[in-house]
Number of protein chains: 2
Amino acid sequence: MAFEYLSNEPLDKALEGFLKALEERGFAPRTDMVPVGEALGRITAEPLYAAISAPHYHACAMDGIALAANVTFGATATTPVIVQPEDYVVVDTGDPVPDGCDAVVMIEDVVYGEGSSIDDLGTCPVILHAAIAPWGNVRQIGEDICAGEMLLTSNVRIEPAAMGAMLAAGVQQVAVIAKPRVGVIPTGDEVVAPSANPKPGDVMEFNSTIFSGMVRQWGADPIAYPIVPDKPDLVRDAVAKAVAECDIVLLNAGSSAGRDDYSSRAVAAVGEVLYHGIAMKPGKPAILGCAPGSAIVGVPGYPVSGIIVVEQIVKPIIEWLLGCRASNDENVRATLARPCTSSLKYEEFVRVRVGKVGDKLVATPLSRGAGVVTSFVKADGILTIPQNVEGYEAGEEVDVRLLRPLVDIERSLVVIGSHDPLIDEIAQFIHAADPALSIASTHVGSMGAIVAAKRGENHCGGIHLLDESTGVYNEPYLEKHFPKGGVRQVECVYRQQGLMVAPGNPLGIESLADLAVEGRSFVNRQKGSGTRILSDYICKQDGIDSSKIYGYDHEEFTHTAVAALVEAGSADAGMGIYSAAKMYGLGFVPVCEEQYDLLIPDYAWETPMVQALLDVLRSDAFRARMEELGGYRVNQPGRVRRHY
Amino acid sequence: MAFEYLSNEPLDKALEGFLKALEERGFAPRTDMVPVGEALGRITAEPLYAAISAPHYHACAMDGIALAANVTFGATATTPVIVQPEDYVVVDTGDPVPDGCDAVVMIEDVVYGEGSSIDDLGTCPVILHAAIAPWGNVRQIGEDICAGEMLLTSNVRIEPAAMGAMLAAGVQQVAVIAKPRVGVIPTGDEVVAPSANPKPGDVMEFNSTIFSGMVRQWGADPIAYPIVPDKPDLVRDAVAKAVAECDIVLLNAGSSAGRDDYSSRAVAAVGEVLYHGIAMKPGKPAILGCAPGSAIVGVPGYPVSGIIVVEQIVKPIIEWLLGCRASNDENVRATLARPCTSSLKYEEFVRVRVGKVGDKLVATPLSRGAGVVTSFVKADGILTIPQNVEGYEAGEEVDVRLLRPLVDIERSLVVIGSHDPLIDEIAQFIHAADPALSIASTHVGSMGAIVAAKRGENHCGGIHLLDESTGVYNEPYLEKHFPKGGVRQVECVYRQQGLMVAPGNPLGIESLADLAVEGRSFVNRQKGSGTRILSDYICKQDGIDSSKIYGYDHEEFTHTAVAALVEAGSADAGMGIYSAAKMYGLGFVPVCEEQYDLLIPDYAWETPMVQALLDVLRSDAFRARMEELGGYRVNQPGRVRRHY
């Protein structure tokens with residue numbers, strides 16, 4: 001039943017063949033003439049030459065008197081020269097140098113004869129105590145720009161200073177590459193326009209907003225077409241209309257299997273399918289086609305696949321039309337924090353977080369789920385794994401294309417550890433206090449914080465690890481994992497853990513034991529998280545067989561994810577913090593108050609990001625916000641409990 | 001007579017005090033609500049939280065059948081489980097998971113009982129040979145985004161993926177910082193709107209176009225006001241009107257001395273002058289003032305001073321309003337190619353070319369003339385010399401803030417040597433063939449090419465150095481200066497040198513000797529240029545006393561600059577190439593044909609830029625273009641004459 005693709009062409013070959021085919025079929029950039037004042041950021045279509053020189057006349061560069069330089073020759077402090085009024089002209093800065101003159105003496109250097117003053121200038125003789133060279137204090141014709149000189153080559157972006165140079169050079173209109181028109185056609189019966197209250201089953205159409213934004217950033221003009229239902233005739237008609245109006249048409253398939261079949265038939269009906277199926281992941285179902293004068297790209301429906309296809313295939317077409325790079329991609333070498341495997345069958349694009357820890361850049365692969373649009377919001381870069389490579393080991397140096405400027409990444413606090421919504425609140429405080437700073441947080445549980453600190457991959461991480469034998473939080477773990485020290489345990493908050501249940505707790509759940517009952521269900525946190533350790537500890541303490549709790553192995557990574565599932569009725573209860581229960585209006589059965597600390601490795605301590613974090617923790621604003629969220633007790637946040 | 005400034009405050013102190021004063025006077029960002037679809041590139045005004053989860057319902061991730069996972073428990077290849085039609089529901093990808101179900105079995109894994117087929121699905125029992133875990137093949141509520149989670153902090157730029165995430169999270173409108181309105185008021189009696197045919201004395205007003213483009217790039221909305229004559233009342237009224245309409249007002253002074261006095265009086269009349277005179281160069285006359293709710297900046301009239309002031313003072317105000325960086329400045333370490341002195345009295349901003357030669361970045365200071373707007377078109381970066389530093393030596397490592405992406409700079413052919421307009425033509429050919437490549441050329445004469453190659457600072461340079469004793473071009477010089485070799489001498493063109501004279505040669509000039517005559521004038525090229533060496537050689541050969549030639553020490557740096565001055569009647573003749581004379585429609589008295597080669601150091605030979613250069617030289621298109629320009633003879637361009 002699996003769909004058979006027409007091809008499995010490597011991406012670079014497909015792209016090369018696609019551009020060649022398009023060119024052969026007459027696909028080419030168009031040219032616009034625009035006034036210079038509207039040319040900002042546009043791309044020159046031709047080399048641009050100066051029409052006139054700048055300055056366009058010999059201009060006095062000073063207020064003073066203009067004269068022929070040779071009348072001053074021989075003047076010195078002891079042998080001054082007297083210049084008669086008929087041999088000089090009073091001038092202001094910017095005045096044309098008068099005929100017969102080739103130099104300007106500054107007004108400060110002019111001495112008046114006895115009985116004369118500046119008011120007599122122009123009618124009295126003046127005394128000069130120094131000679132001036134020909135063209136002294138004159139901005140000569142062409143000093144800045146000579147007529148006929150090339151100001152810009154073709155295919156370069158027009159910056160503000162170049163606009164000034166054009167105007168100075170008598171250029172009023174400039175030939176620029178017309179912005180490529182990129183039409184985006186969303187399709188799918190289940191697809192609806194975005195709303196604040198979608199019904200179950202409604203898939204909100206936001207891909208066209210993302211794709212439009214992307215192509216706009218690259219210098220194209222996006223056109224968003226209405227959603228087309230999965231009817232072959234309607235899809236074909238929509239493509240035909242868009243092809244007539246656009247240079248590039250993106251046909252965005254619905255996300256179900258078989259949808260790209262509709263797409264390829266529509267492309268074939270309107271023009272030609274050149275490639276269908278590219279050896280890339282995500283993005284394999286991409287279709288490369290054309291109609292006279294237009295490129296057509298079939299883009300897969302899942303947002304992440306779609307984004308990769310638009311970036312890898314549509315961007316090069318736009319760049320080909322503009323004849324220059326569409327964005328300032330930066331490539332860096334980074335150390336991979338976790339292994340990342342890939343198939344030999346395709347080239348894979350993996351979204352990664354990148355942080356600068358110590359003096360190395362660390363890249364952490366993000367979720368590869370194709371539907372997870374937030375992975376692109378969080379991503380700092382893209383790791384490309386070539387088709388003939390099986391993947392990379394943790395610790396390997398890899399090439400990463402950055403999605404954010406390196407300077408921002410270098411000033412980002414890398415938080416890897418236990419999840420708590422207060423991390424986002426800290427991000428807001430830090431960024432608001434210093435816009436140069438930001439936070440990149442990854443939720444991998446308390447043990448993840450320890451592992452990351454050992455590997456030198458984070459600046460800090462939340463930990464709330466209960467030692468079963470002593471009832472003490474964190475210290476026993478840190479003693480064990482950092483026998484040589486090198487980390488600080490910093491007080492953050494005490495927070496209320498408990499069972500999140502439906503509003504009003506209709507089932508009367510009072511403990512985990514109440515969930516080990518037929519017909520009831522639970523949603524758990526992932527192994528290694530402090531909350532999971534707490535659940536496991538309680539089961540052990542209370543003698544509960546966790547295999548009797550339905551859903552005990554249903555693992556989520558954040559308190560909010562657990563709360564969302566309880567709210568949706570997918571589970572009767574989940575362990576989590578009060579603030580998450582409050583956010584979702586859930587019932588809450590307190591279990592214990594736990595100590596949520598921050599683990600900060602010594603190598604990160606002096607960074608501006610960690611120092612900003614400590615400032616936030618110690619602020620009244622943080623304390624107030626924690627009280628507002630609820631379920632937190634704040635004692636002395638930012639205090640170093642112990643330096644190991 | 002010199003104007004006394006109110007202050008000479010260091011830039012950083014002035015800026016800090018200015019922002020503080022503005023804040024105290026109620027200057028603050030404004031907020032706009034915009035639909036998500038229009039939020040691209042805007043800056044969030046508040047932290048942004050998800051309104052709903054995404055997915056907002058449990059969604060089937062596959063086409064298949066939905067069921068309760070526990071009915072499949074125990075199913076294996078040998079002990080299949082039969083599921084009755086009332087215990088499953090047929091679903092498509094994206095469908096809501098039906099009530100009572102918590103997993104989806106892929107259609108490919110469904111086996112039909114005897115006599116049934118896929119057409120009976122929904123009414124027939126099905127056989128499963130494997131159990132499925134709860135939530136298998138289900139995209140759970142909140143898998144991507146949980147309601148209540150922070151999507152973005154305040155004061156971050158909204159990228160396309162974030163727009164998608166907002167829509168997925170039920171956010172339809174977003175609070176963004178209103179674009180700061182920046183009014184630009186040009187002033188000056190001599191200032192006129194740009195035209196293609198300005199009169200002598202007309203100073204064309206292009207600063208407002210440059211400043212508008214700059215602030216637009218930083219996320220502000222520029223408003224260009226009409227030119228105001230130098231009448232105190234009119235300037236004051238214009239400022240008052242702009243202050244009422246804008247967040248920031250730029251009052252651009254005319255370029256004459258004393259004009260900033262008008263400006264400061266206008267600012268004082270409408271609001272307050274906080275600083276007048278900043279210890280920076282260029283830009284000292286800057287005025288920092290305010291009126292209720294607005295910042296006012298008095299910007300000097302010369303374009304280069306103005307650009308520096310707008311960048312150093314206006315950009316930080318815009319960034320303060322936006323609460324985030326307005327552009328992605330990149331800072332690099334580069335080796336200074338020439339010494340660069342500065343005064344202890346001010347912080348100086350020097351425009352530099354930057355090129356990557358070998359594995360080092362080389363920064364070459366550009367003309368510091370304040371009127372030279374092309375220095376900003378050519379500049380790759382800004383070198384800042386702090387107030388307490390006297391300057392830097394050649395070879396010192398300095399910090400440079402880049403104005404172009406590093407990746408572009410690294411792919412730029414650094415041409416330092418003799419000027420010929422064909423260098424610009426080569427730039428066009430190279431960039432058109434590969435948009436990733438460009439040329440950065442500096443005209444310092446043939447000897448400059450040799451010096452730069454010795455220091456490892458260029459990729460190539462034009463040379464046409466006549467050895468007086470042998471009459472041979474270039475070889476004797478290269479033998480002398482590169483005794484250990486390491487360079488290639490590459491054939492480029494033969495070109496016609498001669499005397500450029502007025503059209504029709506009304507004075508009947510036939511040789512340099514005809515210029516050593518009272519009443520005639522000459523314009524020369526700078527020492528070290530091949531053309532100057534030619535002029536000197538002819539004088540010597542013909543026994544002409546060059547001190548008798550008026551203007552022999554009037555030095556210009558390019559053939560076109562000499563041609564422009566001859567055309568303007570500023571000199572009766574100048575030595576130069578035929579193509580420059582032709583460009584200006586001048587008369588031309590041939591003197592000799594010279595050999596114009598390219599010097600290419602071995603360290604640069606294998607770079608893609610030099611290889612692209614060689615491809616251009618060897619192309620038919622280059623040959624054709626040289627013939628079109630005139631005055632060139634093309635033999636075998638690109639051929640290595642000799643490898644030293």
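Predicted model: local features only at pLDDT ≥ 70, side-chain atom pairs only at ≥ 80, totals over all residues.

Tutor: P282(A) is found in the loop of chain A that lies between β19 (280-281) and β20 (287-291). The peptide bond leading from K281(A) into P282(A) is cis, with omega near -5 degrees. Chain B supplies another entry on the cis list: A54(B) and P55(B) are joined by a cis peptide bond whose omega is about -5 degrees. P55(B) sits in the loop between β2 (48-49) and β3 (59-60) of chain B.

A further backbone item concerns phi. W135(A) is not a glycine, yet its phi is positive, at about 70 degrees. This residue belongs to the loop between β9 and β10 (138-139) of chain A.

In chain A, three strands in the order β5-β9-β8 make an open sheet with antiparallel pairing. Its edge strands are β5 (81-83) and β8 (111-112) of chain A, each of which pairs on one side only. β5(A) is joined to strand β9 (residues 126-128) of chain A by three bridges, and the two run antiparallel. Within that pairing, V81(A) has L128(A) of β9(A) as its bridge partner.

For chain B, the order is likewise β5-β9-β8, in an open, antiparallel sheet of three strands. β5 (81-83) and β8 (111-112) of chain B stand at the edges with a single partner strand each, so one side of each has no neighbour in the sheet. Three bridges connect β5(B) with strand β9 (residues 126-128) of chain B in an antiparallel arrangement. The bridge partner of V81(B) in β9(B) is L128(B). Between β8 and β9 of chain B runs a loop that holds G113(B). Leaving aside residues up to four places away in sequence, G113(B) touches P125(B) and I127(B). The C-alpha atoms of G113(B) and I82(B) are separated by 8.9 Å, while the two residues are 31 apart along the chain.

As for division into domains, chain A has domain 1 (9-30 + 179-322), domain 2 (32-55 + 143-177), domain 3 (59-139), domain 4 (331-473) and domain 5 (487-598 + 627-643). Between the C-alpha centres of domain 1 and domain 3 of chain A the distance is 71 Å.

Helix packing between the chains comes last. Two packed helices are described by the angle between their axes and by the distance between those axes. Helix α2 (residues 160-168) of chain A packs with helix α3 (residues 207-217) of chain B at an angle of about 165 degrees, the axes being 8 Å apart. Angles over 145 degrees count as roughly antiparallel, and α2(A) and α3(B) are therefore roughly antiparallel to each other. Their crossing is right-handed. The contact involves P160(A), A161(A), M163(A), G164(A) and L167(A) from α2(A), and T209(B), I210(B), G213(B), M214(B) and Q217(B) from α3(B). By class these residues are six nonpolar, four polar and no charged.

The crossing of α3(A) and α2(B) is right-handed. Here the contact is made by T209(A), I210(A), G213(A), M214(A) and Q217(A) of α3(A) with P160(B), A161(B), M163(B), G164(B) and L167(B) of α2(B). The residues of this contact comprise six nonpolar, four polar and no charged.

Key
Residues numbered from 1 in each chain as written. Chains lettered and ligands numbered in written order. Heavy atoms only, no water. Axes fitted to C-alpha atoms, helices over the stretch in contact; angles between N-to-C directions. Helix = DSSP H or I, 4+ residues; strand = E, 2+ residues; numbered from the N terminus. Parallel < 35°, antiparallel > 145°, perpendicular 65-115°, else oblique. Left-handed = near helix turned anticlockwise from the far one by under 90°. Contact = heavy atoms within 4.5 Å. Nonpolar A, V, L, I, M, F, W, Y, C, P; charged D, E, K, R; others polar. Domains from an automatic or database assignment. Pairing = 2+ DSSP bridges.
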